[in-house]
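I opened my notebook today to look at how a protein holds its ligands. Come and read along with me.

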Amino acid sequence: MNVMLEKIVAQFLENSEKYRIRAYGNGHIHDTYQVENKATGSPDYLLQKINKMVFPEPKRLMENIVISTKFLKSKAPDADQLTVIATQDGTPFFVNEAGEFWRMYAFFSDLMAYDLPDEDPAIALSQIKSAGRAFGQFVGDLRDLEIDRIHPVLPDFHRVTWRLEQLQAAIQEDLMDRVATVEHEISVVKKLIPKMTLLDAWLDMEMIPRRITHNDTKFNNVLFDQNHEAKVVIDLDTIMPGCIHFDYGDGLRTAAVTAAEDDVERVTVDWDRYEAFHAGYLAATEDWLTPFELETLPLAAPTLAYIMAVRFLTDYLQGDVYYKINGPRQNLRRAQAQLKLAQLFLLKP
Ligand code: ADP
Ligand code: GN1
Ligand code: MG
């Protein structure tokens, strides 16, 4: 057993020797561990080391999570909700001697996250619709929380023009000598710029309202119960002022598809899944979305897939320093798959 991890768990829990700690989950960003009760075998807690390269201000990030989860709890006291476990002296995180930030959540052992919808098409559609509704409800519930109480912990996170600047800088630097091998991908990125920067322009012109959004509404960031109902939205690190397109688009990018995020050969858009997510999302949001938001939603999925393509390609050129990878070309495959999806989403019938 890792002594350092045991010491960290002891900051949060009395009798920490009662627990076993194991690596867990498929997230691209943090180091995640399950903290299991040795006697009962039940995974009671989730421990995470916050990635400080990605989130330089973990304290403000945790403030966002504490404020928003408290607010959500006040809105729906009976609903399951991500619960922060404070340290024994009452802080929502622990900083060790190495300056690493650790936090703990209650673990939902009866709920599950999935990277992709179920293989059974009918179950998949019901999961996707339910996920859409949960993500829509999430933004709806946060509508009465004052937007200025939430810190923009990653400014410009979904700003296309900023992501393109980052890509351009990586191309110029060509740290790994990879640019010559991705000329095709770069040319597709460039070809799509006019359409893919429309959302930035609408935001700049204040044609789209700023709302508190989740900003990382991947299909695997919602937990389901055994009846395929989406119950709890998780991974709240990126809660920030944003716009509805970010959440609706990222949900579609990961739920309205047929294969994994990096499976460039097999990934394609499934329009029935698209409609299912749309129906769920709109059921929770259409009463309060503005006409312009509604009218421009079709651009959300291609734009979010495009942003991810640009980010994956940038990381590939920079030597895979941001996302966790399972092999040397995973970021390139992710970029190719997301570029493919962006173009397919643009063909929406
Ligand atoms: P990352 O930012 O690295 O994606 P997440 O917060 O999404 O980290 O957690 C990684 C995985 O851990 C999730 O996809 C999910 O499977 C699982 N998980 C996260 N929080 C909980 C929780 N409170 N209860 C049960 N499982 C969880
Ligand atoms: C990261 O943490 P995770 O795996 O849910 C990333 C998202 C990307 C996603 C791509 C903070 O999300 O923005 O869309 O990978 N999170 C951050 O899979 O960069
Ligand atoms: Mg996640």
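Below are my entries on the two ligand sites.

**Entry 1: ground rules.** I am working with a predicted model, where local features need pLDDT of at least 70, side-chain atom pairs count only at pLDDT 80 or more, and totals for chains, interfaces and linings use all residues. Residues are numbered from 1 along each chain as its sequence is written, chains are lettered from A and ligands numbered from 1 in the order in which they are written, and side-chain values use heavy atoms, with hydrogens and water left out.

**Entry 2: ligand 1.** I began with the neighbours, counting a residue as near if one of its heavy atoms lies within 4 Å. Ligand 1 has 17 residues around it, and G27, A106, F108, N221 and D235 come nearest. By class, I found 10 nonpolar, 6 polar and 1 charged residues in this shell. (Ala, Val, Leu, Ile, Met, Phe, Trp, Tyr, Cys and Pro count as nonpolar, Asp, Glu, Lys and Arg as charged, and the others, Gly among them, as polar.)

Next I looked up polar contacts, meaning pairs of N or O atoms within 3.5 Å. A polar side-chain atom of D235 lies 2.9 Å from an oxygen atom of ligand 1.

Where does ligand 1 lie relative to domain 1 and domain 2? It lies between them, because domain 1 (3-106) and domain 2 (121-346) both give residues to its shell; the bounds come from an automatic or database domain assignment.

**Entry 3: ligand 2.** Here I found 18 residues around the ligand, with D216, K218, E261, R311 and Y322 nearest. The shell has 8 nonpolar, 4 polar and 6 charged residues.

Which side chains make polar contacts with an oxygen atom of ligand 2? I noted E261 at 2.6 Å, D216 at 2.9 Å and N221 at 3.1 Å.

Technical notes
A polar contact is a pair of N or O atoms within 3.5 Å; within protein, one must be able to donate a hydrogen and the other to accept it, and residues adjacent in sequence count only if both atoms are side-chain atoms.
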